[in-house]
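Here's a quick briefing to read with the model open beside you.

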Amino acid sequence: MTLLDGISLSQAIRGELASEVDQRTAAGLRIPHLAAVLVGEDGASLTYVSAKVKACEQVGFRSTLLQFPESISEMELLLEVQRLNEDPEVDGYIVQLPLPEHIRDEMILLAIDPAKDVDGFHPENVGRMALGLDAFLPATPMGILTMLSRYKVETQGKHAVVVGRSSIVGLPMAILLQRNADPGNCTVTITHSRTRNLAELCRNADILIAAAGKPGFITADMVKEGAVVVDVGITRVPDVTRKTGFRIAGDVDFDEVSPKCSFITPVPGGVGPMTIVSLLSNTLLAVRRSGR
Ligand code: NDP
C-alpha cells in the first residue's frame, strides 16, 4: 500500500510555485494576488480561509483577507464582489462557502468575474471544464487529479466510483475522471444519498473517491482488493482528549480499509493540502492569463 501523501506533495508544488514567483520578480512581472472573502464567524470557515492566506504568503504571493459580519446583506456583498472584479490589483479571489442563509450562494457565484474565479465555481468555468476547454478547475478535484498524476496512478480504462455529487467535489470529480485526458478516461459511476446498492458499486471500483462528509462511512467490505481510495471527507468529530475539543475525520475507515488498497490518502494530510495548493496554482494561472 502506498500512502498518497498530500503534505509532502503539496510542499513540493509550493516550492515550484515559489521559484516561479522568484522568476517573475526577477523579470519584473507581476506577483500573483489572491483575495479571500469570509462572511461571518464560522470557526471551520475561518480555519480554511486562514490556511489559504498563509499558503499564499509562504510561496510569495500577495493575499488579502476581506472579512464581513454575518449581517452583511446580499446586495452589499454583491457590491464587494463587483469591487473585486474591477480591482486591477486582484488577480483572483474566492468567496468562502457556506454563506449565511439570507444570502443566495448562486447570486454571489454568478457575479464573480469568470477570469478571476480561481475556485472554478462560476457556471462559465464549470461549462468549459465539462467541454474540456481551458478553465479554472475546482481546487479539490484538481488537487486529486494532480495527486493521481504525480504518483503515476493509472486511470485509463479504470472504473471510478465517486460517492457524492456536490457541485464543488463529487460532480466535477466525476466529469474530470471521465474526460479523454490523462489522468482521465475512467468509466465513472456517480453516487449519492438515493443510490441503491452503494456497497456493491463501491466494491466494483478500481478508484473510489469518497466525498459524502460521513465519518468512517466507507468500510473494508465496500472496497475491492488493490483499489485506489481517495478520502475527501473532512468532518469535525467531538474529541475531549484534544485541546481543540475535536478531531478531523475522513469518510473512510482508514485502519480497516488501507491494508486492501494499492494507494490511499490519509485524513488529515491527503486531499486537504492538495486543495490549497491547487488554489495557488489557479491564482498563478489567472495572472499569467491576464498577461500582467
Ligand atoms: P455536500 O454535503 O455538499 O455533499 C455530500 C454528498 O454526499 C451529496 O451529494 C450527498 O447526496 C452524498 N451523500 C450523503 N450521504 C450519502 C450516502 N449515505 N450515500 C451516498 N452518498 C451520500 O458535501 P461536499 O461535497 O461539499 O463535501 C463532502 C465532504 O468533503 C465533506 O466532509 C467536506 O468537509 C469535505 N471537503 C473536503 C475538502 C478538502 O479539501 N479535503 C474540500 C471540500 C469538501 P445527495 O446529493 O443525495 O444529498
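Which residue of strand 6 does A160 stand opposite? That residue is V188. Before going further, keep in mind that this is a predicted model. The chain splits into domain 1, covering 29-112, and domain 2, covering 139-271.

**The six-stranded sheet**

- The A160 and V188 pair belongs to the pairing of strand 5 (residues 159-163) with strand 6, which runs in the parallel sense over five bridges.
- Those strands are part of an open sheet of six, ordered 1-11-8-7-5-6, with parallel pairing.
- At the edges you'll find strand 1 (2-3) and strand 6, each of them pairing on one side only.
- Helix 7 packs on this sheet and touches strand 5, strand 6 and strand 7 (207-210).
- The direction of helix 7 makes about 170 degrees with that of strand 6.

- Strand 2 (residues 33-39) pairs with strand 3 in the parallel sense, over seven bridges.

**Helix 10 and helix 1**

- Helix 1 (residues 6-26) packs with helix 10 (residues 271-290) at an angle of about 20 degrees, the axes being 9 Å apart.
- That angle is why helix 1 counts as roughly parallel to helix 10.
- As for handedness, helix 1 and helix 10 cross in the left-handed sense.
- On the helix 1 side, the contact residues include I7, L9, I13, L17 and R24, while helix 10 brings in residues including P273, M274, V277, L284 and R288.
- Sorted by class, the contact of helix 1 with helix 10 has 11 nonpolar, three polar and four charged residues.

**Helix 10 and helix 2**

- Helix 2 (residues 43-59) meets helix 10 at about 60 degrees, with 10 Å between the axes.
- The two are therefore oblique to each other, helix 2 against helix 10.
- This crossing of helix 2 and helix 10 is right-handed.
- Helix 2 makes the contact with A51, K52, A55, C56 and V59, and helix 10 answers with I276, L279 and L280.
- The class breakdown for helix 2 with helix 10 is seven nonpolar, no polar and one charged.

**Helix 10 and helix 6**

- Helix 6 (residues 139-150) packs with helix 10 at an angle of about 105 degrees, and their axes are 7 Å apart.
- With that angle, helix 6 comes out roughly perpendicular to helix 10.
- From helix 6, the contact uses A139, T140, M142, G143, I144, T146 and M147.
- From helix 10, the partners are V271, M274, T275, S278, L279, S281 and N282.
- The residues in the contact of helix 6 with helix 10 divide into seven nonpolar, seven polar and no charged.

**Backbone spots to look at**

- Most residues other than glycine have a negative phi, and most peptide bonds are trans.
- L97 and P98 are joined by a cis peptide bond, with omega about 0 degrees, and P98 lies in the loop between strand 4 and helix 4 (105-111).
- From V267 to P268 the peptide bond is cis, with omega near -5 degrees.
- You'll find P268 in the loop between strand 11 (263-264) and helix 10.
- N185 isn't a glycine, yet its phi is positive, near 55 degrees.
- The loop holding N185 runs between helix 7 (170-178) and strand 6 (187-191).

How values were computed. Residues numbered from 1 in each chain as written. Predicted model: local features only at pLDDT ≥ 70, side-chain atom pairs only at ≥ 80, totals over all residues. Heavy atoms only, no water. Axes fitted to C-alpha atoms, helices over the stretch in contact; angles between N-to-C directions. Helix = DSSP H or I, 4+ residues; strand = E, 2+ residues; numbered from the N terminus. Parallel < 35°, antiparallel > 145°, perpendicular 65-115°, else oblique. Left-handed = near helix turned anticlockwise from the far one by under 90°. Contact = heavy atoms within 4.5 Å. Nonpolar A, V, L, I, M, F, W, Y, C, P; charged D, E, K, R; others polar. Pairing = 2+ DSSP bridges. Domains from an automatic or database assignment.
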